[in-house]
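Here is a short report on one protein model. Keep the sequence and the 3D view open as you read.

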Amino acid sequence: RKFPEGSNMYTLMTKCGPLFDFISFSALVPLTGGIESPLFPVAYLIILHITVYWRLLGGVISAFLFVLTYSLIFFVQVPDAAAADTYVMYASRVIFLLMIGGLGGIIVSRERKHHTEKNVLAEAANRDYLTNLLNHRSFQECLRKDLERGTDFYLVLTDIDKFKAVNDKYGHVMGDEVLREIGAILSAMVPAKQGRVFRYGGEEFALILHTDNQEEVDKLLIQVKQAVADHVFYSNGEAFSVTMSFGSCRQNGEAPDQLVKKADKLLYAAKNMGRNRIVYAPAG
């Protein structure tokens, strides 16, 4: 059975893979010459494989398990009166196994840590610090890639109606809270499989919706608009709400800046028509 990538079972099966390798190795080595088996160097690769998933502790434990397995095979196969060089070979292989487990584990763990830190920094550079949405830079990159691939999508630009009045009346701290909460509403209502949400700038947000179905977009935007309008904010015990306006258009092979200008004009049309509404590009 094939488990979806990213699921708990997929992760478990992936991490248990090296264990199956170890069991197979332990069974095959005695059948292919024992201490002279040509498969012995595979042990080094399995240890490094284990350190990728189980880090330093996994590398050390696996090295000791391989030493135990090799020792059992060695002392069963080799007579007590074996030549000294046989024991030298045994000792050198044991030492090398332990070195691979220890040093290999340290190296792989450090590389994993470096890779993780690099990903964290890259993620931070692509996120808006206030709302934790993807930022303007990410928007431009995603828009460019989707257009280059010829992906069907709708671009939606939306902003908060009369947001300056919110800042003037309740203060910028409350204004930031409004932005955060609206960012959370947008993230919750636009599934990752359906599209992406960005903080475009100021009180403006952008949505890239991966669909060619106008009705699907219309239904989603109506739900988002209503959810924002129904949401209640509180400032020093005073309740208030805000609305949003939307401009939506389907991509038609335009350059990124042209597509943004088209959606922006639709957004301003929604503002001029009284706000708290959705304006679409004319069909055709």
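## A buried glycine

G183 is buried, because its relative accessible area is 1%, and the cut-off for buried is under 20%. This is a predicted model. G183 lies in helix α6. Leave out residues up to four places away in sequence, and G183 touches L133 and F205.

Now compare sequence with space. G183 and Y154 are 29 residues apart in sequence. Their C-alpha atoms are 19 Å apart in space.

## The whole protein

How many helices and strands does the protein have? It has eight helices and seven strands. The radius of gyration is 30 Å, well over the 19 Å that the globule rule gives for 284 residues, so the protein is more spread out than a compact globule. The C-alpha trace spans about 100 × 50 × 30 Å along its principal axes.

What share of the 284 residues is buried? Buried residues make up 39%. Contacts can also be sorted by distance along the chain. Take those with a separation of 6 or more: residues 24 or more positions apart account for 66% of them.

## Where α5 meets α6

Go back to the helix that holds G183. Helix α6 covers residues 172–189, and helix α5 covers residues 163–170. The two pack with their axes 7 Å apart. The angle between them is about 135°. The helices are therefore oblique to each other. An angle has to be over 145 degrees to count as roughly antiparallel.

Which residues make this contact? From α5 come F163, V166, N167 and Y170. From α6 come H172, M174, G175, V178 and L179. By class, the contact has six nonpolar, three polar and no charged residues.

## The loop between α3 and α4

Helix α3 spans 84–125 and helix α4 spans 136–149. T131 lies in the loop between them. Is T131 buried or exposed? T131 is buried, with a relative accessible area of 11%. Its side chain makes a polar contact with the side chain of D128, at 2.7 Å. Set aside neighbours within four places in sequence, and T131 is in contact with L179, R180 and R199. L179 is also one of the α6 residues that meet α5.

R127 lies in the α3–α4 loop too. R127 is partly exposed, with a relative accessible area of 30%. The R127 side chain reaches the backbone oxygen of N132 at 2.8 Å. Not counting residues up to four places away, R127 touches N132, L133, L134 and N135. L133 is also touched by G183. What about a residue much earlier in the sequence? R127 and C16 are 111 residues apart in sequence, and their C-alpha atoms are 34 Å apart in space.

## A serine in α4

S138 is found in helix α4. It is buried, with a relative accessible area of 6%. Which backbone oxygen does the S138 side chain reach? It reaches that of N126, at 2.9 Å. S138 touches N126 and F198, not counting residues up to four places away in sequence.

## A glutamine in α7

Helix α7 covers residues 214–230, and Q226 lies in it. Q226 is partly exposed, with a relative accessible area of 40%. Q226 and L72 are 154 residues apart along the chain, and their C-alpha atoms are separated by 71 Å.

Look next at the loop between α8 (256–272) and β7 (278–280), where R275 lies. N276 lies in the loop between α8 and β7 as well. Phi of R275 is near 70°. Phi of N276 is near 55°.

N276 counts as partly exposed, at 30%.

Note on methods. Residues are numbered from 1 along each chain as its sequence is written. This is a predicted model: local features need pLDDT of at least 70, side-chain atom pairs count only at pLDDT 80 or more; totals for chains, interfaces and linings use all residues. Side-chain values use heavy atoms; hydrogens and water are left out. Axes are lines fitted to C-alpha atoms, for helices over the stretch in contact, and angles run from 0 to 180 degrees between N-to-C directions. Helices (H or I, at least four residues) and strands (E, at least two) are DSSP runs, numbered from the N terminus. Angles under 35 degrees count as roughly parallel, over 145 as roughly antiparallel, 65 to 115 as roughly perpendicular and the rest as oblique. Contact means heavy atoms within 4.5 Å. Ala, Val, Leu, Ile, Met, Phe, Trp, Tyr, Cys and Pro count as nonpolar, Asp, Glu, Lys and Arg as charged, and the others, Gly among them, as polar. Buried means under 20% relative accessible area, exposed over 50%, partly exposed in between (1.4 Å probe, protein chains only). A polar contact is a pair of N or O atoms within 3.5 Å; within protein, one must be able to donate a hydrogen and the other to accept it, and residues adjacent in sequence count only if both atoms are side-chain atoms. The radius of gyration is taken over C-alpha atoms; the globule rule is 2.2 Å times the number of residues to the power 0.38.
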